[in-house]
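Visitor: I would like to understand how the words used for a protein model are decided. Could you take me through them, one at a time?

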Number of protein chains: 2
Amino acid sequence: MFAPLQNDTFLRACLRQATAHTPIWLMRQAGRYLPEYRDTRAKAGSFMGLATHVDYATEVTLQPLDRYPLDAAILFSDILTVPDAMGLGLSFALGEGPKFAKHVRDEAAVAQLAVPDMNKLRYVFDAVTSIRKALNGRVPLIGFSGSPWTLACYMVEGGGSDDYRQVKTLMYSRPDLMHRILAINADAVALYLNTQIEAGAQAVMIFDSWGGVLADGMFQQFSLAYTRRVLSQLKRSQDGSVVPRIVFTKGGGLWLTEMADLDCDVLGVDWTVNLGQARALVGGEVGGSGKALQGNLDPNSLFAPQEALCAEARRVLDSFGQPHTDASTRGPTHIFNLGHGISQFTPPEHVAALVEAVHAHSKMLRNSQS
Amino acid sequence: MFAPLQNDTFLRACLRQATAHTPIWLMRQAGRYLPEYRDTRAKAGSFMGLATHVDYATEVTLQPLDRYPLDAAILFSDILTVPDAMGLGLSFALGEGPKFAKHVRDEAAVAQLAVPDMNKLRYVFDAVTSIRKALNGRVPLIGFSGSPWTLACYMVEGGGSDDYRQVKTLMYSRPDLMHRILAINADAVALYLNTQIEAGAQAVMIFDSWGGVLADGMFQQFSLAYTRRVLSQLKRSQDGSVVPRIVFTKGGGLWLTEMADLDCDVLGVDWTVNLGQARALVGGEVGGSGKALQGNLDPNSLFAPQEALCAEARRVLDSFGQPHTDASTRGPTHIFNLGHGISQFTPPEHVAALVEAVHAHSKMLRNSQS
C-alpha cells in the first residue's frame, strides 16, 4: 500500500540500533516560522481549517522536508483534537491560544465524558494516510497525541493556563473525578493512536507537555500511571514493522528513572536535562536494554548567529557522547530534537544550518572512534 | 537596638540545629489573598506606592503574622527594586506584570549599567529597620533579592516573558554582554543584601525564579556562577549573630548536587522535587555538613478542602522524614514553605489550617521517634 522506506535512520535510532548519523527532526517543524506554512494557513482561513483539511495538512507536513534533510515527518494536527471530538467545542481566537466552549469541572460534566467515536476524528486518520502516501517512503511518519494528563489540563481549565489552578483544585479536591477523566482520556488516546497506526503512522509520540507542573508524587499518580495505561493498549506493530513509541514529559527530568520502565522505546527530554546523565540513568548498555533519548536543544539557541547555534548543537551531541556503532546489537542511541516546539520567530536559514551541523558532527563523532 | 528574638526556630533550622517543630513561612505570605492587604494597598494607591512607603510596607509585612503563628517574616518589597534603581524605570500597569521603560539588549545599554547608589533604595532599608522594630522580636525578619540571572531576564525582556526569547538571544549571541550584565547585577545584589543585613535583616534569600528556564550547562555559567559571586561578598554575621543565606532556584531540582557547594545554608526547592531524595543528595548527616532544605508544597493544594490540604502538608513533612533531634550537633533540617508564592485566590482560613497542621504533625514526628 505504501512505498518502501528509503531513510530508516530515525526508526533504527528509536529501536537503539546503530545508525551512520544521529537523526534529527524538530517538534513543530511544520509551523509558522516557514513562509510557505503561513501561505497555506492563509488559504485555509484558520488553524483548524488547516488541521481538518487533508490536502492542506499534507502540504504543510511536507514543507519542512522540502527545505531540510530531516530524518522524520510528524503529522500536522492539534493536540486537542480528542477533547474536541468528545464534544467540548474547540476554537482558536485570532492571536490567542485554544479555548473550549465547555469545561469539565464537576461530577455532571465528568459523567458526560466518554471515549469519542473515532469517525469524528476521521480527518486526522485521512491526513495520516495522505501524508504517508505523499512522503512516498522518503522518511518515516510520526503520529502523536497529548497525554491523558495534558489533555485533562485543557479540559478542566477550558484552555491554556498560567497556574493550573482549576485542574489542580479538582485533582486535590476530587481525586476520584480526576481519575475518571484520566481513565477515559487514556482509553481515548490509545484508540486514537492505534487508529493513526492503522492509517499509516510509523511511530507514535505522547506529548506530556504539562506533566512537569505536577508535584512529585502527583506526577506518578496522575500523569505517569495514565501514560502507562495508554502504552499498554498500543499496537506493537503494523504491516510487519515495529511501531516505536516516544514519551516526552516537558519538565520531567527529575522522574527519568521512574519512566525507565515504561513500555516505550524513546524518552524525550527538555533542555534542562544533561543528556550524558540521562544516558547513564536510562540509556542502557550495548547489548542490553534501555531507552533511546530524544532532545534537547533549547529552541531559543536558534536565534543565535549560525556559528554559535552550531556550537550549541555540537555541545548537545557531545553531551550524549558517542552512540553505539555495533550493527549486530542494540545500544544507546540519540535522536536530535529541540527540547520544545520551534518558535514562530525562528529564521528558517538557521534551521538549515542546524540540520547540517547535526548530520556532519554526528558522523564525525562516529568516525573519530572507529 | 532591636528587641531580643523570642522564636528562633526558623534561624536554628537554617543552621541545621535541632528544633521542637518544623518552622513554616510562606513565599508571598503578605499578599493579595489577605483582605487587610488589599485594604492597605487601596490606601497606598499602587503596588509601588505600597512598597516604597515605610509604614505601609511594615503594616503589610506584619499582617500574616497577626493571623497565623508563622515562624518568620519576610520583607515586603518587589524583586525589581535593584534594576529600577539602575534607572530602568519600573512600573506596574493595573492587572499586568512589571514593565521597564528601558530594556538592556545592546552594547550601548549595557555600557550604561552600573551598581546603583544604595541611597536610591533607602526606602527598602528603612522598611527593613521599621519592620524589625515592629516585630519586636516575635520572629526573625528575612531580607531578599532576585538573583543576578532573574534580574537580567526582566532587564533584557523589559518585563515578564513567556519564552525568554530576548534574554536567551542575547545570551547565545553575545555571551560577553550577558556576562557583563550579570557581573554588575551580582555586585549590586550583594551590596543590596548587605545593606539589608545592616538595616536589620536576620537572614537573606536569593530568588532565582527563572534559573530553571536555562539549559543544562547554561544554568551553571549564567545563573549559578553569579549566585556564587553574590554569596562570596555577603556579610556572614551582624551584631554577633550569623545571618543565614537561602538560595531558591525554581525548576532547579536537577542541579541540586551542583548547588551543594554554594556558600549558603539553605536550598529552597519547588514541588517537583522529592524532599527525601534531596535530603539524601545535599542534606548531610547528623554531625556533618550539608544544606537545610526549604519547601515545597504545591501552592495549588491550598485550594483543596482543609482535610486534603493537611494530608498534603503531612505528606511533604513525611517525604523529608524525621529531622535530626540531637541538640548537641548539626544535622538535616527542613523549613516548611510552598514551592512558589501563594496564590492571590487562596482562602485565608486554609493558611491557618496549614500552619497548624505543619506545627502539629512535625511535633508528632519528633515525638514518635524519641
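Visitor: What makes A:V242 count as buried, exposed or partly exposed?

Guide: This is a predicted model, in which local features need pLDDT of at least 70 and side-chain atom pairs count only at pLDDT 80 or more, while totals for chains, interfaces and linings use all residues. Residues are numbered from 1 along each chain as its sequence is written, and chains are lettered from A and ligands numbered from 1 in the order in which they are written. A residue is buried if 20 or more other C-beta atoms, placed from the backbone, lie within 10 Å of its own, exposed if 12 or fewer, and partly exposed in between. A:V242 has 15 C-beta neighbours inside 10 Å, and therefore counts as partly exposed.

Visitor: Which residues is A:V242 in contact with, leaving aside its neighbours within four places in sequence?

Guide: Contact requires the C-beta atoms of two residues, placed from the backbone, to lie within 7 Å. With those sequence neighbours left aside, A:V242 is in contact with A:L15, A:R236 and A:S237. A:V242 itself is found in strand β7 of chain A, residues 241–242, where helices (H or I, at least four residues) and strands (E, at least two) are DSSP runs numbered from the N terminus. The C-alpha atoms of A:V242 and A:A278, which are 36 residues apart along the chain, are separated by 25 Å.

Visitor: Why is strand β4(A) called largely enclosed by the rest of the structure?

Guide: Because 6 of the 6 residues of β4(A) are buried, the strand is described as largely enclosed by the rest of the structure. A:L141, A:G143 and A:S145 point one way from β4(A), while A:I142, A:F144 and A:G146 point the other way, and all of them are buried. Among the buried residues of α8(A) are A:W149, A:Y154 and A:E157. After α8(A) comes A:G158, whose phi is positive, near 85°.

Visitor: How do you know that β1(A) pairs with β4(A)?

Guide: Two strands pair if DSSP finds at least two bridges between them, and β1(A) is joined to β4(A), residues 141–146, by 2 bridges, the strands running parallel. In β4(A), A:L141 is the bridge partner of A:A73, and A:I142 stands opposite A:I74. Between β4(A) and β5(A), residues 203–208, there are 5 bridges in the parallel sense, with A:S145 standing opposite A:I206 in β5(A).

Visitor: What makes β1 and β11 of chain A edge strands?

Guide: The open sheet of chain A has 7 strands in the order β1-β4-β5-β8-β9-β10-β11, with parallel pairing. The strands β1 (73–74) and β11 (334–338) of chain A are its edge strands, since each pairs on one side only. Helix α14 of chain A, residues 306–320, packs on this sheet and touches β10 (292–297) and β11, its direction making about 150° with that of β10(A); such angles run from 0 to 180 degrees between N-to-C directions, with axes fitted to C-alpha atoms, for helices over the stretch in contact.

Visitor: Why are α10(B) and α11(B) called roughly parallel?

Guide: Helix α10 (residues 175–199) and helix α11 (residues 218–233) of chain B pack at an angle of about 30°, with their axes 8 Å apart. Angles under 35 degrees count as roughly parallel, over 145 as roughly antiparallel, 65 to 115 as roughly perpendicular and the rest as oblique, which means that α10(B) is roughly parallel to α11(B). Residues including B:M178 and B:L182 in α10(B) meet residues including B:F222 and B:Y226 in α11(B).

Visitor: How many residues of chain B are in contact with chain A, and of which classes?

Guide: In chain B, 29 residues are in contact with 29 residues of chain A. The largest share of that side of chain B, 5 residues, comes from α9(B). By class, the side divides into 11 nonpolar, 11 polar and 7 charged residues, where Ala, Val, Leu, Ile, Met, Phe, Trp, Tyr, Cys and Pro count as nonpolar, Asp, Glu, Lys and Arg as charged, and the others, Gly among them, as polar.
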